[in-house]
Amino acid sequence: MIRPNGQVVVDNSLLRSVASCDFRGWMRHGQGYTTREEAIAAYAGQAWHEVMADYLRAEPDERLVQKFELLYHGYSNEFIPDDPKGRWFRLRWENVDAILKEWLVQHPVRGLPFAVNKNLVEVGFQVPLSDECVCGHPEKRHRHGWCQWKAKCKCQAFVHAFVFYGRLDALVTAEHDRGLYVLDHKTTGRLTQWKIEEYRHDSQMSGYVWAARQTTGSNVIGIYISAVELSSLPNSERKCLTHGAPYSECGSLHMKSQLLVYNRTQDQLDEWHATALELARRYRKLCTDSPTLDHVPQVRTQGTFHGACIFCDFKDYCAAGRPQDSTMGTLLLHEPWVPFVAEEK
Ligand code: SF4
Ligand SMILES: [Zn+2]
Ligand SMILES: [Zn+2]
Ligand SMILES: [Zn+2]
């Protein structure tokens with residue numbers, strides 16, 4: 001997002017889409033388009049995060065289940081077709097509710113390997129990525145707000161050009177080393193070894209640790225990821241060999257979740273910072289060079305060169321030749337991006 005004063009606000013999802021494909025970053029985070037399907041995944045992830053915040057505040061399980069129902073049941077009925085073959089059937093409230101209940105049984109707050117400070121749950125942050133002003137000149141060139149750059153700059157008030165926005169699910173203290181860690185809840189369609197490896201290297205983890213160090217001034221060591229798979233639980237009448245009962249009875253026991261912990265070195269954080277700043281600049285250039293939808297033909301599509309299209313919201317739109325006529329409305333939803341919204345990954 002670019003504010004009217006020229007300040008560029010980025011979060012991890014923006015940086016990630018700009019890194020994968022100019023068109024993806026520009027379309028989602030510049031022009032504000034998404035698809036109904038992606039909006040469903042985002043909404044489910046958001047509802048899960050809100051319930052998890054109350055879980056960390058040690059609210060009783062019944063209240064958490066109730067809250068999830070209030071947040072999500074109606075939405076699920078309205079937008080997710082009751083069709084077992086549908087792509088998002090796994091995100092129907094009935095399925096996610098069963099997963100949540102089993103997850104709560106398996107993860108009592110008192111069994112966590114870290115201590116949660118209730119004041120450090122859902123910690124929003126906005127950290128400047130550099131000391132550059134929107135006028136392009138460094139902060140130290142400004143005096144009493146005015147920019148003194150060669151007496152030519154017309155800037156009258158220093159404003160950070162690039163700000164990194166986000167919200168940490170929590171800052172927790174690990175039992176094993178008494179160190180501060182960021183906690184992040186993640187929902188995913190498949191919690192495979194491949195996905196776990198993706199989390200290990202994920203820029204989001206580095207960005208959150210970097211931001212947590214900047215905002216707290218403490219040596220935040222790493223990150224806990226509490227990952228849960230939101231896939232369809234088995235519920236047929238076939239007998240499950242593991243539990244010796246029909247799947248309709250043991251289905252929720254097949255819920256998959258994992259608590260992962262990763263550290264970040266200073267070197268990784270410095271590199272994250274340099275890359276994030278470069279991507280934020282790239283985003284600003286994309287938006288200023290191509291301000292309106294008329295510029296679709298001049299925005300490049302690197303995603304097709306490295307497999308990013310498979311997981312991209314815009315794959316049907318791109319495959320249709322990026323139309324700007326009435327067909328556009330059948331493929332896309334105009335729902336401008338706002339920072340802070342959780343995403344399913
Ligand atoms: S479908 Fe591929 S080319 Fe189109 S925006 Fe997504 S990543 Fe880019
Ligand atoms: Zn300035
Ligand atoms: Zn200036
Ligand atoms: Zn079973």
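The axes of helix α1 (residues 12-20) and helix α2 (residues 22-30) cross at roughly 150 degrees and come within 6 Å. In this contact, the residues divide into two nonpolar, four polar and two charged. Leu-14, Ser-17, Val-18 and Ser-20 stand on the α1 side, where they meet Arg-24, Gly-25, Arg-28 and His-29 of α2.

Helix α1 also holds Ser-13. Is Ser-13 buried or exposed? Ser-13 counts as buried because it has 21 C-beta neighbours inside 10 Å, and a residue needs 20 or more to be called buried. Ser-13 and Trp-337 are 324 residues apart along the chain, yet their C-alpha atoms are separated by 9.9 Å.

## Confidence in the model

The structure is a predicted model. The average pLDDT of the protein is 91, and 98% of the residues score at least 70. Among the elements, helix α9 (residues 266-289) has the highest mean pLDDT, 97, while helix α11 (residues 327-331) has the lowest, 84.

## The nonpolar core

How many residues does the largest nonpolar core have? The number is 70, and within this core Val-182 and Ala-280 have the most contacts. Helix α3 (residues 36-56) contributes nine residues, the largest share of the core.

With its neighbours within four places in sequence left aside, Ala-280 is in contact with Val-8, Val-10, Leu-15, Leu-129 and Phe-162.

Most residues other than glycine have a negative phi. Glu-122 is not a glycine and has a positive phi of about 55 degrees. Glu-122 lies in strand β3 (residues 114-128). It counts as partly exposed because 16 C-beta neighbours are found inside 10 Å; the range for this class lies between 12 and 20.

Arg-322 is another residue other than glycine with a positive phi, in this case near 50 degrees. Its place is in the loop between α10 and α11. Arg-322 has 17 other C-beta atoms within 10 Å, so it is partly exposed.

## Residues in loops

Where is Ser-231 found? It sits in the loop between β8 (222-229) and α8 (247-250). Ser-231 has 17 C-beta neighbours inside 10 Å and therefore counts as partly exposed. Not counting residues up to four places away in sequence, Ser-231 touches Arg-90, Gly-189 and Arg-190. From Val-116, which is 115 residues away along the chain, Ser-231 is separated by 28 Å between C-alpha atoms.

Gly-251 belongs to the loop between α8 and β9 (257-263). Why does Gly-251 count as buried? The reason is that it has 21 C-beta neighbours inside 10 Å, and 20 or more are needed. Apart from residues up to four places away in sequence, Gly-251 touches Ala-98, Leu-233, Pro-234 and Asn-235. The C-alpha atoms of Gly-251 and Cys-240 are 8.9 Å apart, and the two residues are 11 residues apart in sequence.

Leu-293 lies in the loop between α9 and α10. It has 13 other C-beta atoms within 10 Å, so it is partly exposed. Which residues does Leu-293 touch, not counting residues up to four places away in sequence? They are Gln-31 and Gln-324. Leu-293 and Gln-31 are 262 residues apart in sequence, but 7.2 Å apart in space from C-alpha to C-alpha.

Terms used: Residues are numbered from 1 along each chain as its sequence is written. Chains are lettered from A and ligands numbered from 1 in the order in which they are written. This is a predicted model: local features need pLDDT of at least 70, side-chain atom pairs count only at pLDDT 80 or more; totals for chains, interfaces and linings use all residues. A nonpolar core is a set of buried Ala, Val, Leu, Ile, Met, Phe, Trp, Tyr and Cys residues joined through C-beta atoms within 7 Å. Helices (H or I, at least four residues) and strands (E, at least two) are DSSP runs, numbered from the N terminus. Two residues are in contact if their C-beta atoms, placed from the backbone, lie within 7 Å. pLDDT is the predictor's confidence in each residue, from 0 to 100. Axes are lines fitted to C-alpha atoms, for helices over the stretch in contact, and angles run from 0 to 180 degrees between N-to-C directions. Ala, Val, Leu, Ile, Met, Phe, Trp, Tyr, Cys and Pro count as nonpolar, Asp, Glu, Lys and Arg as charged, and the others, Gly among them, as polar.
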